[in-house]
Structure formats: C-alpha cells, structure tokens
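Thanks for making time this morning. I would like to walk you through one model, so please have a look at it before I go on.

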Amino acid sequence: MIDVGNLDIRFGANHAVRGVSFRVEPGETFGLVGESGSGKSTVLRAIAGLITEWSGRIAVDGQALGRKRDRAFFRTVQMVFQDPYGSLHPRQTVDRILSEPLEVHGVRDADTRIARALEEVALPRTARFRYPHQLSGGQRQRVAIARALVADPRVLLLDEPTSALDVSVQAEVLNLLADLRAARSLTCILVSHNLAVVAHLCGQIAVMQGGQVVERLDEAALRAGRAVHPHTQDLIRLSREVEDRAT
Ligand SMILES: Nc1ncnc2c1ncn2[C@@H]1O[C@H](COP(=O)(O)OP(=O)(O)OP(=O)(O)O)[C@@H](O)[C@H]1O
C-alpha cells in the first residue's frame with residue numbers, strides 16, 4: 001500500500017533523511033522509531049506531501065507520487081499530529097472542523113457522517129457544538145482523529161499521536177486507534193520515540209538514527225528485546241527505565 005524507496009531529504013547542509021526504504025502492506029501498521037532528530041517525522045511529512053523537496057520514490061496504492069499532491073491524494077491519505085491543540089482551529093466548532101474535509105471532497109450526507117465519526121471516536125453528541133478549548137486534551141485528539149477519518153481515507157499517518165496527552169489518557173487513545181484501524185482496515189505509519197507505543201500498534205518496525213534506517217525488526221523481536229543495533233538497544237533500555245519509573 002505504501003512504498004518508499006531511497007528517500008533522501010536535505011534542509012540546506014542538514015542531510016536529514018538518507019536513503020530510507022520500506023514497504024507497508026495493506027492493513028498493516030508500520031512503526032518508525034528513533035531518537036529526537038533522527039528524521040522520522042521528516043519521512044512522514046514527505047509522504048504526507050508537507051515537504052516538497054525530496055528525492056527517491058514515494059508510492060501509495062501502486063501510484064508513484066510527485067512533489068505536489070492532488071485532492072484525491074488527501075482523500076486517501078490523512079495525518080494526525082502530536083499536538084491536537086495546535087492542529088485544530090481555535091475559532092471553529094467541532095462541527096465546522098469535521099465539515100471542512102467533507103466539503104473539500106464534495107462528500108454528501110455531512111450530517112450523518114459527522115455524527116458517525118464522533119460516535120466512532122467515542123465523543124458525546126454534545127461535543128459537536130463545542131470549541132477545542134472547551135474539550136480535554138484527550139477529547140481534542142479524538143476530534144483530530146475524527147477529522148482525519150470523516151472522509152474515509154485508506155491510509156493514516158500518525159506523528160506521535162499520544163505524546164502530548166496525559167499519561168492517563170494515552171492508553172485510551174492508543175486502544176481507540178487500534179480499534180479504528182481494524183474496523184476500517186486502515187494502513188498506518190506510526191512515528192514515535194516511545195517503544196511501548198510502537199510495540200502496541202505495529203507489526204513491522206524500522207529504527208532510525210542520523211537520517212538512516214539502522215535496524216528493522218518485528219513486534220515480537222521488539223517486545224523480547226532482540227535488537228542487534230546499539231541504537232535500538234539504547235532505545236529499549238531507555239523505555240524500560242521510563243516504564244520502571246512509572247510503576
Ligand atoms: N522544516 C525544517 N527545516 C529545517 N530543518 C528541519 C526541518 N524539519 C526537520 N528538520 C531537521 O531535520 C532533522 C530531522 O528532524 P525530524 O523532526 O524528522 O526528527 P524526528 O526523528 O522526528 O525527531 P523528533 O522526535 O524530535 O520530532 C533534524 O535535524 C531537524 O532539525
């Protein structure tokens with residue numbers, strides 16, 4: 001469903017992504033992990049069409065993509081960002097926020113679709129006429145997820161979707177994403193520095209460092225700590241320390 005080949009991205013002298021390649025099969029969730037600055041978000045943003053200066057291959061559903069994306073692309077591929085507060089318009093009600101993608105893509109039955117999307121992300125009906133600041137952080141991220149899903153995409157790109165949330169609601173939102181992905185047969189890429197989050201959602205994982213993929217492993221290997229590369233071992237040790245501190 002997603003095919004990235006030899007992706008290369010530079011920001012001036014900063015060679016942020018160096019020859020990254022991976023494939024994601026339909027219905028799978030692929031994880032990109034790595035330390036801060038390793039290039040994971042940049043890969044995701046290039047796939048989403050938010051970065052236009054890149055070289056290599058990006059194909060979705062067998063179609064090679066250019067630098068500019070057309071409207072049909074955004075019907076197929078949607079993104080959820082880390083900070084729901086920053087990604088939702090503060091002066092728009094949830095109803096307006098969810099109406100917009102439907103208008104852009106000329107989708108009918110907006111009323112029914114918005115009600116269904118809110119139900120899918122388990123928001124109360126009353127949330128529809130609220131503004132983002134009237135909702136909790138977890139509820140705002142549910143609105144961002146509903147907005148991404150309202151026009152029925154097939155691919156969901158998730159950039160640290162739970163990192164900005166209170167620890168107490170992170171698991172809820174992760175479980176919601178796991179349920180939605182199964183119910184809608186979505187193909188996903190998840191970027192996170194949190195290995196526990198990645199192991200929870202992803203079958204295949206690529207570990208990035210310095211703009212390159214340094215190791216690939218599956219979820220079972222990650223859980224068992226069967227990593228070869230020192231950077232992956234560091235990430236595993238760090239995430240265990242964080243977990244130990246939390247318990
Ligand atoms: N728009 C941009 N302009 C210039 N440099 C950028 C831009 N976006 C990212 N970079 C640089 O590219 C490199 C990779 O950044 P990126 O955000 O992809 O890393 P990351 O692994 O996602 O880290 P984090 O988890 O902190 O977001 C960094 O050196 C960063 O400073």
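I will call two residues in contact if their C-beta atoms, placed from the backbone, lie within 7 Å. What we have here is a predicted model, in which local features need pLDDT of at least 70 and side-chain atom pairs count only at pLDDT 80 or more, whereas totals for chains, interfaces and linings use all residues. Residues are numbered from 1 along each chain as its sequence is written.

With that in hand, which residues does alanine 146 touch, leaving aside its neighbours within four places in sequence? They are Leu98, Ala117, Leu118, Glu120 and Val121.

Val94, Ile97, Leu98 and Pro101 in H4 meet Val143, Ala146 and Arg147 in H6. The axes of H4, residues 94-104, and H6 come within 8 Å and cross at roughly 25°, the axes being lines fitted to C-alpha atoms over the stretch in contact, with angles running from 0 to 180 degrees between N-to-C directions. H4 and H6 are therefore roughly parallel to each other, a label that covers angles under 35 degrees.

Finally, let me turn to the strands, which are DSSP runs of E with at least two residues. Isoleucine 2 has valine 24 in E2 as its bridge partner. E1 and E2 form a hairpin with 2 residues between them, and glycine 12 in the turn has a positive phi of about 60°.

Key: Two strands pair if DSSP finds at least two bridges between them. Helices (H or I, at least four residues) and strands (E, at least two) are DSSP runs, numbered from the N terminus. Angles under 35 degrees count as roughly parallel, over 145 as roughly antiparallel, 65 to 115 as roughly perpendicular and the rest as oblique.
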